[in-house]
Structure formats: structure tokens, C-alpha cells
Amino acid sequence: MADLKARIASRTAKEFNDGDVANLGIGLPTKVANYLPEGVHITLQSENGFTGLSGSAESGKENVDVINSGGAYVTYAPEANFFDSAMSFSIIRGGHVDATVLGAMEVDEHGNLANWIVPGKMVAGMGGAMDLVVGAKKVIIAMLHTQKGNHKILKECTLPYTALGVVDKIITEMGVMDVTPEGIVLKELHPDYTLDEIKAATGCELIISPDLKPMEEE
Amino acid sequence: MINKIRTAEEAVAGIKDGATIMVGGFLGTGSPEILVDALVKKGVKHLTVIGNDGGLPANEGTSARGIGKLLEAGMVDHIIASHVGMNPLIGKGMNDGTLKCTLVPQGSLAEKIRAGGAGLGGVLTPTGVGTIVAEGKETFNIDGKDYLLEKPLKADFALIRASICDEFGNYSCAKATKNFNYVMAMAAETVIIGTEKLVKVGEMDPDTFTMSGVFAKYIVGGEKPWQI
């Protein structure tokens, strides 16, 4: 399982251009920063209030005033700048973040996203997710293709929405998909899987790109 | 110049049962612990608390942080926040029926508070359109795009944490402790600042301070860096 997540993170890292501003969600998306190609430097935005997020802080060397949005002690890059929550979300909502990478419970062929609430279960809250997906120029969902065999890529989300029509790209262990007005287009298929297998693992029609490629990995 | 310096106990003395209070901090980082401690000691009930989250619960020898202390003491009837998953006391309170929780997207929460403090009737945001956040809210189409009207939020008191503050109340917050500590100071009737470093007026260059002292009613020194 760890390999599959590394595969997803390393492929997602190829989506970035040198100089991009990005916000990476907690968990698998955070790992994307470990796989950036040589020569690609991105500035990470942390929604609790800074640009220039770096790695985890070493034990014993934490600055107690510097956490990421998950509450973990982190370090910051030389170009870092710290600001308050109103500024942080002006950056996010105002379209100043080039891309955000998040996980999802469900995504559908209209680009609708559900990743914050399961009715009947304990609610954690949306935090900054709703603002991020409406504000970032590009929304990439990086996740395992299915949840214990259940479809996560669907014709229509069944869970309450995080936002409507916001997802641009879906990257899973099985392949890379673009969300287009026509539906979800498979652009890359991982060599470990057949077309029939990825179609069976997807809960909506998968349009096969005429120039389908093998999924790139490191 | 009017004397705004108080002890923590004096500063929170006016907070009564049923008050609405804003508390700065993000998962405890940037929360005014000495002010929260004084409020817990005073022991008021039925508070409505507005904050980014529910602070942190007590854990393995470390005390609760920020709003987590108010929840632990059973002082809160209603919490308005963007994320409450890190403090199980909130889920428990909601299940028991003792705590009401209103969730607001983080960016909308910041803007609702800013609107409250800036004299605005609300803000129009694309965040939450088409989701359950939009329920009961007006939608406006501006130049072809839908926006939700998020109304202003105000409070009776704001508990703010500064890293450095002068005796007039001009202050700044270090690094990631800023979070809600600036907007909240504009949106409350009575603003109380707990500060790590307290300096005399004129001691520092005015550029040291991000926030104007006009918002501060009381200033309390002695805030400490969090001990890991």
C-alpha cells in the first residue's frame, strides 16, 4: 500500500512547474513535495498563515510558533512570509495558488468533489478545503482509485459536496485522468493494470484518450 | 494616556454567563493561554465561542490548549469553527446534546469576522456554493458567477495573543501565531490582549506593530511560549 501511495505522489509531482505556488493537503498529498523533479522549485502555501512551508521540524528544534495546517511543527523556506487567516484565504480564494492537491472520498464525472463529511459519522469540519478547491487554479485529486473495492470515481457523488465542478485532474495508482466537459478522460494507464481493470474500478464511463500513454513513474 | 494594563483576572472579570467570545489560535498555536486560564478560573457558563477550531484536548501530561480548556471545563454551549476533528470533546458534546457546533469554511470564517469588524454587511464568496454550507443563505450572481452571502460575525469579547505589544495596545504576532489574532481584534466589543513581550509606548519603531492599538481595551503581560 505504501508503494501505491508513493507512486501516486511521485506522478503528481510531475504536474508542477518551476515557480508554482501550491497547497498540499495533509497525508498523501504532503508527500508530493518529496518527489519534485530536479530543477522544479515550488512555494508551498500553508493555510494557517504562510507561504514557504518546508519540511517537518526535527525533534528538539521545533519553533513553537510554526505549525502547518495539521498542527505539526514544521520548518520554513528562506522565501517564507507569514500572514493572518484573512490574507491566507485571500491568497487561496483569489486565485493566487497555482495548484492544490487533495484526497477525496468521492469525485464524479462533472468534477464535483466530496471529501469532508459522511452523514451519520463524526464531523471533523471542512477547514480550508472548500475555499481551496474553489480558489486554486488547478485542483488535483491524488488518491487510491477505490476504497476497499468500492468506487470513488462516480457518475454522481453520493456524499455531500465540498464544491461543484472544481476537479481538473485525478491521479490514482491505476492511472491519470482529466476531468473535461465531456467526462473523465483516461490519459495514462499504469502498466500493472489493463483497460478492463481500470474501467471496472471506475463508477462512471471512462473516455479513453486517443493518445493514451503508460503512467509515468520515477 | 489611558492605562490599559490589567492582570488576567481583572481583564476577564467582565465576561459573564452567555457571552459570545472570539479566541485567537490555530490548533492552540497563537491562543492566549493566560487569558483562557483566567476565564476557566472565573468559571462562566453557556458561552458561544468563535475560533478556527476547538483547540487541543489534554494529552499525556500536557494540558489542553486554547478553546480546548473552555470545552474541558464545560463552559461552552455553542462553538462556531471551521474544523473540530482534532478535539474529541466537541464530537462528544454534540452526541450528548450539550454542545451546538456551527461549521464555517475557514476562509469564510475569517471574512465573516473581518466584515464584523470592518463595518460591512457581509461578504460574497464562491466558497460553499451548491453545498450544505449554502443552506439558508442568499446567493447572488455577479457577472455570471454565483456567490454566497456570508453575514458578519461579532462578539462581546475577543481574547487575542500577541508576541509583542506596547502599552497602548499596538501589537504583532510572530510567525504562524497570527491566524485569527488580527481580524478578531476588530470584531469584538471588548478586546483583551495577552502578550509575551510588553513594551513601553515609543520604545519600538511603529513599524514593529502590524495592528493598531485602537482596538485594545485591556493588555495583559506574561504570555509564555508554548512548552513542548
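This is a predicted model: local features need pLDDT of at least 70, side-chain atom pairs count only at pLDDT 80 or more; totals for chains, interfaces and linings use all residues.
A:Lys148 is placed in the loop that lies between strand E9 (146-147) and strand E10 (150-151) of chain A. Most residues other than glycine have a negative phi.

A counterpart for discussion is found in chain B. B:Leu27, likewise a residue other than glycine, has a positive phi near 50 degrees. B:Leu27 belongs to the loop between strand E1 (20-23) and helix H2 (33-42) of chain B. Is B:Leu27 buried or exposed? Because 26 C-beta neighbours lie inside 10 Å of B:Leu27, this residue counts as buried.

Chain A also contains an open sheet of three strands, ordered E7-E6-E11, in which the pairing is mixed. Strand E6 (residues 106-108) of chain A pairs with E7(A) in the antiparallel sense, over two bridges. Within this pairing, A:Val107 has A:Leu113 of E7(A) as its bridge partner.

The overall form of chain B may be considered next. Its secondary structure consists of six helices and 11 strands. A compact globule of 228 residues would have a radius of gyration near 17 Å, and the 18 Å of chain B therefore agrees with that expectation. Taken along the principal axes, the C-alpha atoms of chain B fill a box of roughly 50 × 45 × 30 Å. Of the 228 residues of chain B, 53% count as buried. Among contacts in chain B with a separation of 6 or more, 73% are between residues 24 or more positions apart.

E8(B) is mostly covered, with nine of its 12 residues buried. E8(B) runs parallel to E1(B), to which three bridges join it, and B:Val23 has B:Leu159 in E8(B) as its bridge partner. E8(B) also runs parallel to strand E10 (residues 188-199) of chain B, here with 10 bridges; B:Asp166 stands opposite B:Val199 in E10(B). With strand E9 (residues 171-172) of chain B, by contrast, E8(B) is antiparallel, and two bridges join them. The bridge partner of B:Ile164 in E9(B) is B:Ser172. E8(B) and E9(B) form a hairpin with four residues between the strands, in which B:Gly169 takes a positive phi near 105 degrees.

H5(B) has 13 residues and reaches 18 Å from its first C-alpha to its last, close to the 18 Å expected at 1.5 Å a residue. Of the 13 residues of H5(B), 12 are buried, including B:Leu109, B:Lys112 and B:Arg114. Which elements cover the buried residues of H5(B)? The cover includes elements of both chains: helix H3 (85-93) and helix H4 (129-135) of chain A, together with E1, strand E5 (123-125), strand E7 (145-150) and helix H6 (183-186) of chain B. Just after H5(B), B:Gly119 has a positive phi of about 75 degrees.

The contact between the two chains involves 34 residues of chain A and 40 residues of chain B. On the side of chain A that touches chain B, H3 and H4 of chain A each supply at least two residues. H3(A) provides the largest share of that side, five residues. By residue type, the side of chain A that touches chain B divides into 19 nonpolar, nine polar and six charged residues.

B:Thr131 gives a local view of contacts with chain A. B:Thr131 is located in the loop between E5 and strand E6 (139-142) of chain B. With 22 C-beta neighbours inside 10 Å, B:Thr131 counts as buried. Not counting residues up to four places away in sequence, B:Thr131 touches A:Met130, A:Pro160, A:Tyr161, A:Thr162 and A:Ala163. From B:Ala8, B:Thr131 is 123 residues away in sequence and 42 Å away in space, C-alpha to C-alpha.

Definitions and conventions. Residues are numbered from 1 along each chain as its sequence is written. Chains are lettered from A and ligands numbered from 1 in the order in which they are written. A residue is buried if 20 or more other C-beta atoms lie within 10 Å of its own, exposed if 12 or fewer, and partly exposed in between; C-beta atoms are placed from the backbone. The expected span of a helix is 1.5 Å times one less than its number of residues. Two residues are in contact if their C-beta atoms, placed from the backbone, lie within 7 Å. Ala, Val, Leu, Ile, Met, Phe, Trp, Tyr, Cys and Pro count as nonpolar, Asp, Glu, Lys and Arg as charged, and the others, Gly among them, as polar. Two strands pair if DSSP finds at least two bridges between them. The radius of gyration is taken over C-alpha atoms; the globule rule is 2.2 Å times the number of residues to the power 0.38.
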